[in-house]
Amino acid sequence: MREKITKEQAIDDLRKLFNTTSFEDRKYGRSFNDEGNFFIDRKECGFYSVLQKLMEYFSDKVITDGICRVETTSIRWTMFRIKTKDD
């Protein structure tokens, strides 16, 4: 049975897992987050590593009031978002 977590719990856990700074404290070459939007610098963690960490994290958890969605990738960032199902 998968553990049910809130959107806020997932955001908190993923901030720690990816060692992100806040949007206000962002620095060049560092991953950061802005509320539920995560920008993972590919120098710190490549695209497939991000996917693997997300799959491992969510293997035994489900967000009761939201979803995790990989939005896009670029040369510099892997971006994913924790959002409510209605967004």
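Reader: How far apart are the mean positions of the positive and negative charges of the protein chain?

Author: First, this is a predicted model, where local features need pLDDT of at least 70, side-chain atom pairs count only at pLDDT 80 or more, and totals for chains, interfaces and linings use all residues. Residues are numbered from 1 along each chain as its sequence is written, and side-chain values use heavy atoms, with hydrogens and water left out. Lys and Arg count as positive, Asp and Glu as negative, with His and the chain ends not counted, and each charge sits at NZ of Lys, CZ of Arg, CG of Asp or CD of Glu. With 17 positive and 16 negative charges, the mean positions are apart by 4 Å.

Reader: How many disulfides does the structure hold?

Author: A disulfide here is a pair of cysteine sulfur atoms within 2.5 Å. For the sulfur of Cys45, the closest cysteine sulfur is in Cys68, and at 13 Å that is too far for a bond. The count of disulfides is zero.

Reader: Is Cys45 buried or exposed?

Author: Buried means under 20% relative accessible area, exposed over 50%, and partly exposed in between (1.4 Å probe, protein chains only). Cys68 comes out partly exposed at 29%. Cys45 has a relative accessible area of 8%, so call it buried.

Reader: What share of the contacts with a separation of 6 or more comes from residues 24 or more positions apart?

Author: Contact means heavy atoms within 4.5 Å. In the protein chain, the share from residues 24 or more positions apart is 55%.
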